[in-house]
Amino acid sequence: MDFASYIRDIEDFPKPGVVFKDITPLLKDPQVFQKAGEALLGLTSNMKIDKVVGVDSRGFIFAPLLATRLGAGFVPVRKSGKLPFKTLSETYALEYGEDTLEMHTDAIQKGEKVLVHDDVLATGGTASAVCKLVEKLGGEVVQCNFLIELTFLKGAEKLNGFPIKALLQY
């Protein structure tokens, strides 16, 4: 299926000079949404996965779907101060400044196989921070899974050799 035709470019969002890849046209079409979920599931190549980590906020769209289809648990990673239990945090660099992500300290057990999912791999800072959180808890990142990879931003270079799969590349 041509998923790219369901991705809308929004110029100058969230700031001038940025072309934002809007996935909402894909999400609003039930058949395309379902097929995208199936295609993302296909990227896991029948690997053993114990937990699917979804990244705040658009990673929450497909990660729970993947978790249920894989028979795995779902773990939300959120921005600082949004999770109610004890958390582990990881701060990472943004273009201007930094941000912090958190995960519950009991979300992943030592040795668990983890699929990290987000909507877009851009500069790699977010995904790298999530992988570090998984490893701090003793999990093993078996793959980083994305709907879109913006290859020109070279985010894969920050992922230290973790396997990366994406439905679309720009």
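Mentor: Let me settle one term before we start: helices (H or I, at least four residues) and strands (E, at least two) are DSSP runs, numbered from the N terminus. The model is a predicted one, in which local features need pLDDT of at least 70 and side-chain atom pairs count only at pLDDT 80 or more, while totals for chains, interfaces and linings use all residues. Residues are numbered from 1 along each chain as its sequence is written, and side-chain values use heavy atoms, with hydrogens and water left out.

Trainee: Okay, where does D119 sit?

Mentor: D119 belongs to strand β7, which covers residues 113-121.

Trainee: And is D119 buried or exposed?

Mentor: D119 has a relative accessibility of 6% and therefore counts as buried, a word used for values under 20% relative accessible area, with exposed meaning over 50% and partly exposed anything in between (1.4 Å probe, protein chains only).

Trainee: So what does the side chain of D119 make a polar contact with?

Mentor: The partner is the side chain of R58, at 2.5 Å. A polar contact here is a pair of N or O atoms within 3.5 Å; within protein, one must be able to donate a hydrogen and the other to accept it, and residues adjacent in sequence count only if both atoms are side-chain atoms.

Trainee: Switching to helices, how do α2 and α3 pack?

Mentor: Helix α2 runs over residues 30-42 and helix α3 over residues 59-70, and the two pack at an angle of about 60° with their axes 10 Å apart. With that geometry α2 and α3 are therefore oblique to each other, since angles under 35 degrees count as roughly parallel, over 145 as roughly antiparallel, 65 to 115 as roughly perpendicular and the rest as oblique. The axes are lines fitted to C-alpha atoms, for helices over the stretch in contact, and angles run from 0 to 180 degrees between N-to-C directions.

Trainee: Which residues make the contact?

Mentor: From α2 the contact uses F33, A36, G37, E38, L40 and L41, and from α3 it uses I61, F62, L65, L66, R69 and L70.

Trainee: What does L66 touch, sequence neighbours up to four places away not counted?

Mentor: L66, a residue of helix α3, touches G37, L40 and L41, together with V52, L115, H117 and N145. At 2% relative accessibility L66 counts as buried, and its C-alpha atom is separated by 7.7 Å from that of L40, although L66 and L40 are 26 residues apart along the chain.

Trainee: And L41, is it buried or exposed?

Mentor: L41, which is found in helix α2, is buried, with a relative accessible area of 16%. Not counting residues up to four places away in sequence, L41 touches L66, R69 and L70. Between L41 and V19, by contrast, the C-alpha distance is 27 Å, for a sequence separation of 22 residues.

Trainee: Now the backbone: which peptide bond into a proline is cis?

Mentor: The peptide bond from F13 to P14 is cis, with omega near 5°, and P14 lies in the loop between β1 (8-11) and β2 (19-22). The bond from D56 to S57 is cis too, with omega near 0°, and S57 is in the loop between β3 (51-55) and α3.

Trainee: What about D12, what is its phi?

Mentor: D12 is not a glycine, yet it has a positive phi of about 60°. D12 is in the loop between β1 and β2 and is partly exposed, with a relative accessible area of 47%. In that loop between β1 and β2 you will also find G17, which is exposed at 68% relative accessible area.

Trainee: Where is N46, then?

Mentor: N46 is in the loop between α2 and β3, and it has a positive phi of about 55° although it is not a glycine. N46 is exposed, with a relative accessible area of 80%.

Trainee: And T44, buried or exposed?

Mentor: T44, also in the loop between α2 and β3, counts as buried at 2% relative accessibility. Apart from residues up to four places away in sequence, T44 touches I49, L70, L115, Q143 and N145.

Definitions and conventions. Contact means heavy atoms within 4.5 Å.
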